[in-house]
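Subject: Structure handover

Hello,

Here is the structure I said I would pass on. My notes on what was found in it follow below.

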Amino acid sequence: MSNASHNAQDVARERQAARNPESMMKVGDSARARGEWSTAAAFYGRAVALRPGQPDYVGPYAEALMHQGRTNEAIEAIHSAEANATSAERVRLALLLAQLLNTSQRSQEAIGVLLPVIQQNPNSAPLRVALGISYEISGDAQGARQSYRDALRIDPNNIAAANDLALSEALAGQPRQALTELLALRTQAVERGASAASLSTIDGNLAIVYALEGKLSNARQSARSAALSSEQIQQNMRFYTLLHAAQGVDAASSVAGD
């Protein structure tokens with residue numbers, strides 16, 4: 001076969017791949033695995049253009065857009081897929097949409113998105129956790145803690161719910177109780193083979209609670225386990241030191257008020 005024939009076949013394959021949304025998604029998945037979010041968004045976007053409103057395609061596309069800071073585009077993409085989504089897909093889309101809205105400091109909108117989906121899926125622990133986070137950001141700490149407890153009632157082994165509940169309790173003035181809960185949770189998480197990401201979030205919360213207790217050395221150690229870089233550790237330690245100082249000021253103010 002001549003070189004011209006080979007070239008013609010290659011061009012035909014490339015054109016066929018360009019019209020195949022599954023091929024676009026695979027390329028996007030590969031870029032996503034490497035952390036190349038711009039490339040991932042580009043290929044996911046091509047797949048979505050070929051199959052508009054396809055929930056399986058829109059979810060990864062919206063996530064890639066989110067990592068680029070293109071929040072409004074991500075939200076629009078999710079809304080475009082809601083009409084065609086199954087019940088399970090609507091849950092996934094609602095979770096992603098709530099995350100985007102919370103990131104944009106639009107927690108009340110996130111609550112509005114989650115509540116009707118929870119009514120349709122009352123036994124979804126992830127939805128309850130997302131609602132708790134939304135309440136927390138909106139300033140309703142009591143509502144947040146109730147949501148986390150609801151999630152744990154549904155799924156007693158839900159690490160995210162237990163982790164977020166403990167931090168919420170610590171910030172509400174119960175750091176010692178939270179510290180006990182977090183240390184037990186971390187042990188259980190290791191025993192259950194939890195992901196590195198889950199352990200990292202527990203360590204991050206442990207660092208905050210240690211700082212609230214004035215145990216900055218322990219906070220630094222937990223921060224090292226949670227952080228991705230030495231710069232991030234330094235930033236975290238500045239935050240933990242200021243957090244402990246602020247707690248001292250609050251305590252002194254309370255004593256003076258009494």
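**Helix α9 and its neighbours**

Helix α9 itself covers residues 141-154, which is 14 residues. From its first C-alpha to its last it reaches 20 Å, close to the 20 Å expected at 1.5 Å a residue.

Please keep in mind that this is a predicted model.

**The protein as a whole**

The secondary structure comes to 14 helices and zero strands. Read from the N terminus on, the elements run α-α-α-α-α-α-α-α-α-α-α-α-α-α. The protein has 258 residues, of which 40% count as buried. Of the contacts with a separation of 6 or more, 48% are accounted for by residues 24 or more positions apart.

**The pair α11 and α12**

How are helices α11 and α12 placed relative to each other? Helix α11 (residues 175-191) packs with helix α12 (residues 196-212) at an angle of about 155°, and their axes are 10 Å apart. Since angles over 145 degrees count as roughly antiparallel, that makes α11 roughly antiparallel to α12. The crossing of the two is left-handed.

On the α11 side, the contact is made by Pro 175, Ala 178, Leu 179, Leu 182, Leu 183, Leu 185, Arg 186, Ala 189 and Val 190. On the α12 side, Leu 199, Ile 202, Asp 203, Asn 205, Leu 206, Val 209, Tyr 210 and Leu 212 take part. By type, the residues of this contact divide into 14 nonpolar, one polar and two charged.

**More on α12**

Helix α12 has 17 residues and reaches 24 Å from its first C-alpha to its last, close to the 24 Å expected at 1.5 Å a residue. Is α12 largely enclosed or largely open? Of its 17 residues, 12 are buried, so α12 is largely enclosed by the rest of the structure. The buried residues of α12 are Leu 199, Ile 202, Asp 203, Gly 204, Asn 205, Leu 206, Ala 207, Ile 208, Val 209, Tyr 210, Ala 211 and Leu 212. Gly 214 follows α12, and the phi of Gly 214 is positive, near 85°.

Regards

Technical notes. Residues are numbered from 1 along each chain as its sequence is written. This is a predicted model: local features need pLDDT of at least 70, side-chain atom pairs count only at pLDDT 80 or more; totals for chains, interfaces and linings use all residues. Side-chain values use heavy atoms; hydrogens and water are left out. Axes are lines fitted to C-alpha atoms, for helices over the stretch in contact, and angles run from 0 to 180 degrees between N-to-C directions. Helices (H or I, at least four residues) and strands (E, at least two) are DSSP runs, numbered from the N terminus. Angles under 35 degrees count as roughly parallel, over 145 as roughly antiparallel, 65 to 115 as roughly perpendicular and the rest as oblique. A crossing is left-handed if the near helix is turned anticlockwise from the far one by less than a right angle, and right-handed if clockwise. Contact means heavy atoms within 4.5 Å. Ala, Val, Leu, Ile, Met, Phe, Trp, Tyr, Cys and Pro count as nonpolar, Asp, Glu, Lys and Arg as charged, and the others, Gly among them, as polar. The expected span of a helix is 1.5 Å times one less than its number of residues. Buried means under 20% relative accessible area, exposed over 50%, partly exposed in between (1.4 Å probe, protein chains only).
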